[in-house]
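Please consult the structure shown here while reading.

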Amino acid sequence: MERRRFLTQAGAGMAAGALAAPAAAAMADLPILKWRLASSFPKSLDSIHSSTESLARQVALLTGGRFQIQVFAAGELVPSAAVLDAVKDGTVEIGHSASYYYVGKDPTFALDTGIPFGLNSRQQMAWMHDGGGLELLRDFFREYAIHNIPCGATGTQMGGWFRKEIRSVEDLKGLKFRVGGFAGQVLARLGVVPQQIPAGDIYAALEKGAIDAAEWVGPYDDLKLGFQRVAKYYYYPGFWEGGPQLTVYVNLKHWNALPPEYQAALENACALAHLEMQARYDARSPAALRQLIASGTQLRPFSHEIMSAAYQAAHALYDETAAKNPRFRKIYEPWKKFRDDQLQWFAVAESHFDAFMQATRAAARSRK
């Protein structure tokens, strides 16, 4: 039996080798490329930064080392908020960022990452890959000479760190809050003074009192950034980021010049990096949250009053933006229908399953 298993495995290996040889020979005829990737994120945020390193490794493996991508962290080539322009202008061939950083150019960018009271991570993936979202967004990004590829997800984020308790909308008025993307415009309608600050500068701004509150991603990153040392209250959920997506930008001229084999390698490497990032955050957040609470962090939910007021402000902003921006409207209207359909579906199965599991866990703990 062992001999038969050996012969079977050996035969499979020879078959794989026979298939791989022509592919390897064909790859040898393709050009040797060396690209530079500019990231919006520092190396200290390893869950995000490692996704681009994974991307680069996979591209090299899939192309027999002929297509190399060198990753540069935020500030090493261009500032964090300059990645989009660097790719558009051809300063670098490729970049990795969160598109909602660029809503000052056009609010439509927010729909690539996520908007308040939007999709969760699974719904975002469905929208992008089977709901028409990717095609719509690629039409938009083409105006910026960019080919966009989804590359990273965090899951629903936390609502951030506050020096004082936030019980009502009144408590938000005048609050200087580091918050990115479209969320800042929504919260401004509730009296917040939004501040967009790169990840590496948030701690210092919070420590010095230049801001009163700050949000980033969730427990794993927040623990590493040390926010618990300068703010006591940790709120949830980050209703402005139900399932945010990060994106790889490829200069369109460079993308069109890539051999199809290299394009496929890059698309597949991004897909793997996307899954790895989401898995990493889901796996590491529970232990990080326990550590934060053990250190004295006070976990708090946003009140229903705050959530409801923000929901109304968000949808008023979307309607106003859609009325005056045809690019935003072209994506937002089908996106909104897709979101409403997803909410109906998730209410049938997903939400009931999750609610049962949470209730059962709570009951078991209360009996101990």
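Asp340 has a relative accessible area of 34% and is therefore partly exposed, where buried means under 20% relative accessible area, exposed over 50%, and partly exposed in between (1.4 Å probe, protein chains only). The model is predicted: local features need pLDDT of at least 70, side-chain atom pairs count only at pLDDT 80 or more, and totals for chains, interfaces and linings use all residues. Residues are numbered from 1 along each chain as its sequence is written, and side-chain values use heavy atoms, with hydrogens and water left out.

Asp340 forms a salt bridge with Arg339, with 3.4 Å between the closest N and O atoms; the term denotes a side-chain nitrogen of Lys or Arg within 4 Å of a carboxyl oxygen of Asp or Glu. Arg339 has a relative accessibility of 4% and so counts as buried. Side chains of opposite charge can pair when their charged atoms come close.

Another salt bridge joins the side chains of Arg138 and Glu267 (3.3 Å, N to O). This pair links distant parts of the chain, 129 residues apart, with Arg138 in helix H6 (residues 133-142) and Glu267 in helix H11 (residues 260-294); helices (H or I, at least four residues) are DSSP runs, numbered from the N terminus. Arg138 counts as buried because its relative accessibility is 17%, whereas Glu267, at 25%, counts as partly exposed.

Arg122 and Glu350 also meet through their side chains in a salt bridge (2.7 Å, N to O). Here too distant parts of the chain are linked: Arg122 belongs to helix H5 and Glu350 to helix H14 (residues 350-367), 228 residues apart. Glu350 has a relative accessibility of 25%, so Glu350 counts as partly exposed.

The axes of H5 (residues 121-130) and H13 (residues 326-348) come within 11 Å and cross at roughly 130°; axes are lines fitted to C-alpha atoms, for helices over the stretch in contact, and angles run from 0 to 180 degrees between N-to-C directions. H5 is therefore oblique to H13, since angles under 35 degrees count as roughly parallel, over 145 as roughly antiparallel, 65 to 115 as roughly perpendicular and the rest as oblique. On the H5 side, the contact (heavy atoms within 4.5 Å) is made by Arg122, Gln123, Ala126 and Trp127. The H13 residues include Trp335 and Phe338.

Note on methods
Helices (H or I, at least four residues) and strands (E, at least two) are DSSP runs, numbered from the N terminus.
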